Amino acid sequence: QVRLSDSGGGLVQAGGSLRLSCEVSGSTVADMYAIAWFRQVPDQEREIVSCISMTGSTYSDSVKGRFAISRNKDTYTVFLQMNNLKPEDTAVYYCATDRAPACEDDPGKYGYWGQGTQVTVAS
């Protein structure tokens with residue numbers, strides 16, 4: 001069974017940076033999986049932030065130009081570099097996969113999730 005572990009969150013000032021990590025284990029072909037980052041604020045729906053696949057990467061409009069997703073295929077680790085953070089970025093961030101090579105925007109399509117890592121951006 002695929003297992004995801006995300007980490008790297010913390011407290012930063014507006015304009016600061018963080019790098020989130022998502023370690024994928026349990027599969028020898030995990031480098032083929034599309035990996036997505038979602039975030040969720042209390043009382044709001046979970047929303048897609050970014051996704052990386054073999055064909056490219058996607059970003060939500062709210063983070064485009066500030067965040068960058070990357071992957072180390074040797075270690076099965078996906079990173080989300082977050083720059084110029086804003087208070088609106090404050091949320092719990094989760095990585096996820098559906099074990100498929102293509103990205104999917106619907107969180108309901110993902111069966112494997114990290115435990116979540118808190119990102120707090122102070123104004």
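How many disulfides does the count come to? The count comes to two disulfides, taking cysteine sulfur atoms within 2.5 Å as a pair. Keep in mind that this is a predicted model.

## Cys22 and Cys95

Let's start with the disulfide between Cys22 and Cys95, where the sulfur atoms sit 2.2 Å apart. The link of Cys22 and Cys95 is right-handed, with 75 degrees about the S-S bond. Cys22 belongs to strand β3 (residues 18-25) and Cys95 to strand β9 (residues 91-97), so the bond ties together parts that are 73 residues apart in sequence.

Are the two ends buried or exposed? Cys22 is buried at 0% relative accessibility, and Cys95 is buried too, with a relative accessible area of 0%.

## Cys51 and Cys103

Next up, Cys51 is joined to Cys103 by a disulfide with an S to S distance of 2.0 Å. Here the torsion about the S-S bond is about -95 degrees, so the disulfide of Cys51 and Cys103 is left-handed. The pair links distant parts of the chain, 52 residues apart: Cys51 is in strand β5 (residues 47-52), while Cys103 is in the loop between β9 and β10 (112-113).

## Pairing pattern

What is the pairing if you number the bonded cysteines of the protein chain in sequence order? The pattern reads 1-3, 2-4.

Conventions
Residues are numbered from 1 along each chain as its sequence is written. This is a predicted model: local features need pLDDT of at least 70, side-chain atom pairs count only at pLDDT 80 or more; totals for chains, interfaces and linings use all residues. Side-chain values use heavy atoms; hydrogens and water are left out. Helices (H or I, at least four residues) and strands (E, at least two) are DSSP runs, numbered from the N terminus. Buried means under 20% relative accessible area, exposed over 50%, partly exposed in between (1.4 Å probe, protein chains only).
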